[in-house]
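Please read the following report alongside the sequence and the model.

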Amino acid sequence: MRDARSGTAHEGARLADWTTFRVGGPCRALIDCPDAAALRLAVRDLAARGERFTVMGAGSNLLVADGGLDRTVVRCADGRDPPVREGDEVEVDAAFGLDALCAWCGAAGLAGLSFAAGIPGTVGGAVAGNVGAFGEQIAGRIAWVEGMDARGRVNRREPRELGFGYRRCEAAEAGWIVLRVRLRLRPESPATLAAERAEALAFRAARHPDWRRVPCAGSFFRNVAPTSAAGRRQAAGWFLEQAGVHGWREGGARIFERHANIIVADGPDPRAADVRTLARRMAAAVERRFGLVLQPEVRLLGFAPGR
Ligand SMILES: Cc1cc2nc3c(=O)[nH]c(=O)nc-3n(C[C@H](O)[C@H](O)[C@H](O)COP(=O)(O)OP(=O)(O)OC[C@H]3O[C@@H](n4cnc5c(N)ncnc54)[C@H](O)[C@@H]3O)c2cc1C
């Protein structure tokens, strides 16, 4: 291990050690950046050397192939710089934890993020995936995002310039890197926000595995697009249940008993390939029964197309 100017570099790091699924092979090096300033330096350095890289946050929405990645990974997570408040707006570093931000805003009497209580990952990852729950999404709270292209050029964009959609941000998909975010919130009593937070956490505890102990990445498939303009998205979990996937296993991976859209990799010697095969079987069951092609919500890294 060597200390890089831009973060701590771990040569040949196994991505299983850096993702909540806890499977996945090595990358060339993982540069662990504790804040956006370090991330900027790391990216500029890699760009100057013409090296290929991928940016990650806390790894809570990733499935990395067992063969790993033939490139450097720049991780931006575990941020410690507290958010900065200005009136009802808050500025926060991409490395800061989303759930920690929710708790911080609640204590500060700022409403708008209770939906995200208990969602793991970073603020950067939340923006890149337009994180959401209970019908709300982070895009609706954003005043602006400061980001950087793959060559290290920084600029600031408003939400309408970021191409937000259901669990997506086109700018991030095109390689734009989130550095800092300003959120527009509204005043509310800390007691009300504490109650909302407790309710959201209890809802999650009853339905989801505890990702700190159980290897998983939340919902594996995206919810299904509505069939009419007036309709709402339909839970992929419902289609999976109807297709009879409960109890299915594949090697070290299995379907979580309380949620048919969550795969956990807690069997003996779990592999990313087990998760991938199980996911394929689940999608095929839904397609057979309903003619619907489920799309992964989890980001797949290092898999050859079609494998
Ligand atoms: C138990 C559990 C429950 C979950 N519940 C929900 C839920 O209710 N709703 C929901 O939406 N998600 C949920 N998730 C999924 C996940 O927590 C979110 O998608 C989270 O926002 C991912 O953030 P991350 O920092 O872990 O990103 P990673 O998993 O590290 O990365 C995800 C993607 O974001 C990109 N990215 C990360 N940081 C940056 C950055 N700074 N700039 C540009 N791109 C970046 C990566 O390149 C990658 O494409 C859940 C996951 C678990 C394990």
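Which residue of β21 does C216 stand opposite? C216 stands opposite V264 in β21. This is a predicted model, in which local features need pLDDT of at least 70 and side-chain atom pairs count only at pLDDT 80 or more, while totals for chains, interfaces and linings use all residues. Residues are numbered from 1 along each chain as its sequence is written, and side-chain values use heavy atoms, with hydrogens and water left out.

**Strands**

Helices (H or I, at least four residues) and strands (E, at least two) are DSSP runs, numbered from the N terminus. Two strands pair if DSSP finds at least two bridges between them. The strands β18 and β21 pair in the antiparallel sense, over 2 bridges. They belong to an open sheet of 4 strands, in the order β18-β21-β20-β19, with antiparallel pairing. At its edges are β18 (216-219) and β19, each of which pairs on one side only.

Strand β12 (residues 142-148) has 7 of its 7 residues buried, where buried means under 20% relative accessible area, exposed over 50%, and partly exposed in between (1.4 Å probe, protein chains only). β12 runs antiparallel to β16 (residues 177-184), joined to it by 6 bridges, and E146 stands opposite R180 in β16. β12 is also joined to β13 (residues 154-157) by 4 bridges, again antiparallel. In that pairing G147 stands opposite N155. β12 and β13 form a hairpin with 5 residues between them, and G152 in the turn has a positive phi of about 95 degrees.

**Helix α7**

Helix α7 (residues 272-290) has 19 residues. The expected span of a helix is 1.5 Å times one less than its number of residues. For α7 this gives 27 Å, and the end C-alpha atoms are 27 Å apart, so the two values agree. The buried residues of α7 are A272, D274, V275, R276, L278, A279, M282, A283, A285 and V286. They pack against several elements, including α6 (236-242), β20 (253-255) and β22 (299-301); contact means heavy atoms within 4.5 Å. Just after α7, G291 takes a positive phi of about 70 degrees.

**Cavities and a pocket**

Rolling a probe the size of a water molecule over the atoms shows where empty space is left. On a 1 Å grid over the protein atoms alone, a cavity is a set of points where a 1.4 Å probe fits but cannot get out. A pocket is an open set with protein on both sides within 12 Å along at least five of seven lines, and lining residues have an atom within 4 Å of a point. Grid points are joined across faces, edges and corners, and a volume is the space filled by probe spheres set on the points. By this rule there are 2 cavities of 30 Å³ or more.

| Space | Volume |
|---|---|
| Largest cavity | about 70 Å³ |
| Second largest cavity | about 40 Å³ |
| Second largest pocket | about 210 Å³ |

For the linings, Ala, Val, Leu, Ile, Met, Phe, Trp, Tyr, Cys and Pro count as nonpolar, Asp, Glu, Lys and Arg as charged, and the others, Gly among them, as polar.

The largest cavity is lined by C102, C105, G106, L110, L113, S114, A117, L193 and R197. Both α2 (98-107) and α5 give two or more residues to this lining, and α2 gives the most, with 3 residues. By class the lining has 6 nonpolar, 2 polar and 1 charged residues.

The lining of the second largest cavity consists of L15, T19, T54, M56, L62, V64, L69, V73 and L301. Its classes are 7 nonpolar, 2 polar and no charged residues. At least two lining residues come from each of β4 (53-56), β5 and β6 (69-76).

L69 is found in strand β6. Is L69 buried or exposed? L69 counts as buried because its relative accessibility is 6%. Among the residues that L69 touches are L15, V64 and L301. L69 and T54 are 15 residues apart in sequence, and their C-alpha atoms are 9.2 Å apart in space.

The second largest pocket has among its lining residues F115, F134, E136, R141 and R186. Helix α5 (residues 190-207) supplies the largest share of this lining, 4 residues. The lining divides into 5 nonpolar, 2 polar and 5 charged residues.

Technical notes
Lists of a residue's contacts leave out its neighbours within four places in sequence.
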